[in-house]
Amino acid sequence: MPISLRELAERFDCELIGDPDVIIDTVGSLCNAGPNALSFLAGSAFKKQLASTKAAAVIMRADDAQSSPTAVLVDDNPYACYARMAAVVCPGPVFKPDVHSSAVVATTASIAKSVHIGANAVVEDGATIGENTYIGPGAIVGPDCVIGDDCRLNANVTFVRNVTIGDRCIFHSGSVVGADGFGNAMTPEGWIKVPQLGGVRVGNDVEVGSNTTIDCGAIDDTVIEDGVRLDNLIQIGHNVHIGEHTAMATACAIAGSARIGKRCMFAGMVGMAGHIEVCDDVVVNGKGMVSKNITEPGAYASNFPIEPVRDWNRRVAKIRRLDKLIERVSKLEQDAK
Amino acid sequence: MPISLRELAERFDCELIGDPDVIIDTVGSLCNAGPNALSFLAGSAFKKQLASTKAAAVIMRADDAQSSPTAVLVDDNPYACYARMAAVVCPGPVFKPDVHSSAVVATTASIAKSVHIGANAVVEDGATIGENTYIGPGAIVGPDCVIGDDCRLNANVTFVRNVTIGDRCIFHSGSVVGADGFGNAMTPEGWIKVPQLGGVRVGNDVEVGSNTTIDCGAIDDTVIEDGVRLDNLIQIGHNVHIGEHTAMATACAIAGSARIGKRCMFAGMVGMAGHIEVCDDVVVNGKGMVSKNITEPGAYASNFPIEPVRDWNRRVAKIRRLDKLIERVSKLEQDAK
Amino acid sequence: MPISLRELAERFDCELIGDPDVIIDTVGSLCNAGPNALSFLAGSAFKKQLASTKAAAVIMRADDAQSSPTAVLVDDNPYACYARMAAVVCPGPVFKPDVHSSAVVATTASIAKSVHIGANAVVEDGATIGENTYIGPGAIVGPDCVIGDDCRLNANVTFVRNVTIGDRCIFHSGSVVGADGFGNAMTPEGWIKVPQLGGVRVGNDVEVGSNTTIDCGAIDDTVIEDGVRLDNLIQIGHNVHIGEHTAMATACAIAGSARIGKRCMFAGMVGMAGHIEVCDDVVVNGKGMVSKNITEPGAYASNFPIEPVRDWNRRVAKIRRLDKLIERVSKLEQDAK
């Protein structure tokens, strides 16, 4: 949507340095922006790119503004400011309220008038869908699911059953919510299945990535609080509880009954054992293994970065010979007496 | 389903301590159970919760029974006993035999009378589906798949082709069975695809989690024996063979032609290299890396637990200076001569 | 398709040792091949199996040929030769051009005559599909996607929007391409979503495994070059760039804006941090963590293989006591002065 720099600056309460009548109609990275594009400078690593950008205007902090060859929108948090402005300049696809003729909606489901339900989607018995919610093609809303307003379930999302989500939530394609948790009891004849009878409760403003799975609770519910962000291919086990505004990058796996505080940030491939607890404001680096309670906020890690195989193998060999090194030191100590 | 404690005790051959006429109509965790609920005490960690539970009755071992403020059902394996009783008290959703009008079933497919096929599901040429099996909405049963009795393929499951499963198997939403394995041959012009021509054979009583993938064999079949349990987001490569009653937690990845014995238990995020073998009764801890044959039953591990980043970085730095430490010890030894 | 050894040898320019009139009509592993089957000897580890094989003919290198009890097709690269011959002997399923009556194809989509669109598939506005391409049942081709010739999107694949792929690409079931990347800006009120406005561009001859996810770019596109091979359950973040003929095994996770060169090979469960670069011809061993730029071709690793838990725990304990060992050595050095 074409918009002048004046209007952007006014609407988002930014200082503007440059011609207020310039019209923006797209966004661009500093490298590839065209002459009508808005861009942003998110860190000093990108300053080199700023010098040669062709963008019409760049959002940045005040102390970077002098060096810019472009018009500048000044903001303390350029990335967040860009996020808000980009949503205006390049609004997402609009949909019209409609239930596609090929969609199958149970007569006992309750669907708000403004809902869009895509081709070959299925809404099962007792489901409820709020205003302005988009259900993509091939998506399944299982029995007794409750979906709030302004949500988006993209193509081929599956809500299995008994899932309740708030408003403004986004679930990306292939995500599966409310499937049975992994509950098995060992007997002399082998495993027997423990019925998984709980649901999943998700707050407002939650976003869940492609092919991520969130299991239903075994008895009580699995809970995802407001503002949580989950990337793709994450596993959330049964009865996990995730606090507000916690974010996890791709391929994390959280075992059953784990409890994670507010505002935590897990990098990719973090694993967390079941029945343990992480307090608020904990950061775990990529591939970290959380195997006991964490009670102090802060940053944690347990991964080795890669090295050339020969160096790595030598390192492992040395670790394996630590026994002998310890013996040699003990002998030296004794001989020294 | 409402049921008296007397009937539960008789049916599952438990000793009952308490009023046999009390009616149970739901289950609950010790913390949240209501006055008509059945609960269980699975370990001493939960004894504190027992003291204040509002459950009507709790399943536990004989030696815990004295301290209970509730009626008690005595069993040596409370969790397994709970699993069996919960399936009676809270039976799963029932379905009626039916092929939904929007489902597409090939005329060459053979479907038992008692099968349920959900909305927008697809059953392709030559597929066979046994009695009392449930095919969820959006599920795909590909060409020549054979599905036994009393199975459940939930919403949006995909059986690609040439998959044969036994009786009483459950596949959760988004799981993909029988897709091509990862077979590529390097040539000077790049990779060429190796045709993946085998199938997948699954025994009885197998449960497979959401978004888990089990590839077809390259030539011979991929084999999953009776009673295997796979959690969500697991990868089973082509020609893998998994023995009876082996269980894997979330996000394990098993490379092609790996062979895993009976009754093994892999915790989450375990990786296993291809063309190697693990014997029966092996336990691998979370994030373990199985890169060579394991021939002795027992528990194995290779993961470091997380620490504060500063501590961890110091530890890594020390490991990196092991060379120098070894040199210093050698010099001391020489000087001591 | 039945074919004589003479014809195979001529067509693929191999030397044949044995009866040229023998008819091959299937393929088999050395272990399980029947008397009309073609097999191959890919490495010396399989020589034992060769001695007892019942295959009609085996593809192998010249220097292995003398010891074979079967007819031999001689080739320097037996695995690649097998791949090519198997595609002739056991051609994949054929499909006939057809749009199934239950499929939903937007009137603004442009579909070549020879395309097959399966039951309950959906093709949305503005999509383009080239000649001889197969769209499986339940697959979704989102708005403005462009698909080349001779491609295969298997059952329940999702192309979300704005995905462009070349010719001869294969996407396996459950893969999701073009979903929003993980873009979030922190504010005092919590995360806000950064609009994900780029697309995904995929070259020719690319194969993508089941339940793998490839996110759209944030502003510019995510790029997968010609001949790339991705196994199952892999995550490719927004704006990642993967060079020609690079292959990744299962469960790798590549964070946003990572750049990977040509002909790289990542084993399973490799993680790569965002905004870094790996040069051409890099091999990373299973579970490796790529957290900084790699500028030299070669093989890299950072994983410990599993050990019995008791041994492993001792090793970790020793590493944790390295501080003390270093102190003891320092004391010895001082005392020696």
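Q: Start with a cross-chain pairing. In which sense do S39(B) and strand S40 of chain C pair?
A: Antiparallel, over two bridges; S40 of chain C covers residues 307–308. Tyr300(B) stands opposite Pro308(C) there. Strands pair if DSSP finds at least two bridges between them. Helices (H or I, at least four residues) and strands (E, at least two) are DSSP runs, numbered from the N terminus.

Q: What kind of model is it, and how are things numbered?
A: This is a predicted model: local features need pLDDT of at least 70, side-chain atom pairs count only at pLDDT 80 or more, and totals for chains, interfaces and linings use all residues. Residues are numbered from 1 along each chain as its sequence is written, while chains are lettered from A and ligands numbered from 1 in the order in which they are written.

Q: Back to B and C. How many residues does the contact take from each chain?
A: 57 from chain B and 59 from chain C. Contact means that C-beta atoms, placed from the backbone, lie within 7 Å.

Q: Which element gives the largest share on the chain B side?
A: H5(B), with five residues. Others that supply at least two residues include strand S21 (176–179), strand S39 (298–301) and helix H4 (309–320) of chain B.

Q: And how does that side divide by class?
A: Into 30 nonpolar, 19 polar and eight charged residues. Here Ala, Val, Leu, Ile, Met, Phe, Trp, Tyr, Cys and Pro count as nonpolar, Asp, Glu, Lys and Arg as charged, and the others, Gly among them, as polar.

Q: You mentioned S21(B). What does S21(B) pair with inside chain B?
A: Strand S18 (residues 158–159) of chain B pairs with S21(B) in the parallel sense over two bridges. Phe159(B) is opposite Val177(B). S21(B) also runs parallel to strand S26 (residues 213–215) of chain B, joined by three bridges. Val176(B) has Thr213(B) as its bridge partner there.

Q: New topic: how are chains B and C related?
A: A rotation of 120° with 0.0 Å of shift along its axis superposes B on C, at an RMSD of 0.1 Å. The two copies are thus related as by a three-fold rotation axis.

Q: Why do the copies meet through different surfaces?
A: Because only 18% of the interface residues of chain B are also interface residues in chain C.

Q: Now the helices. At what angle do H5(A) and H5(B) pack?
A: About 35°, with their axes 11 Å apart. Axes are lines fitted to C-alpha atoms, for helices over the stretch in contact, and angles run from 0 to 180 degrees between N-to-C directions.

Q: Which residues meet there?
A: From H5(A), Leu325(A), Arg328(A), Val329(A), Leu332(A) and Asp335(A). They meet Ile326(B), Val329(B), Leu332(B), Glu333(B) and Ala336(B) in H5(B). By class, that contact has seven nonpolar, no polar and three charged residues.

Q: What about H5(A) and H5(C)?
A: They pack at about 35°, with axes 10 Å apart. Among the residues in contact are Ile326(A) and Glu333(A) of H5(A), and Leu325(C) and Arg328(C) of H5(C).

Q: Last one: what domains does chain A have?
A: The assignment gives domain 1 (3–89), domain 2 (98–300) and domain 3 (307–337). Bounds come from an automatic or database domain assignment. The centres of domain 1 and domain 3 of chain A, taken over C-alpha atoms, are separated by 56 Å.

Methods
Least-squares fit on C-alpha atoms with pLDDT ≥ 70 in both. Contact = placed C-beta atoms within 7 Å.
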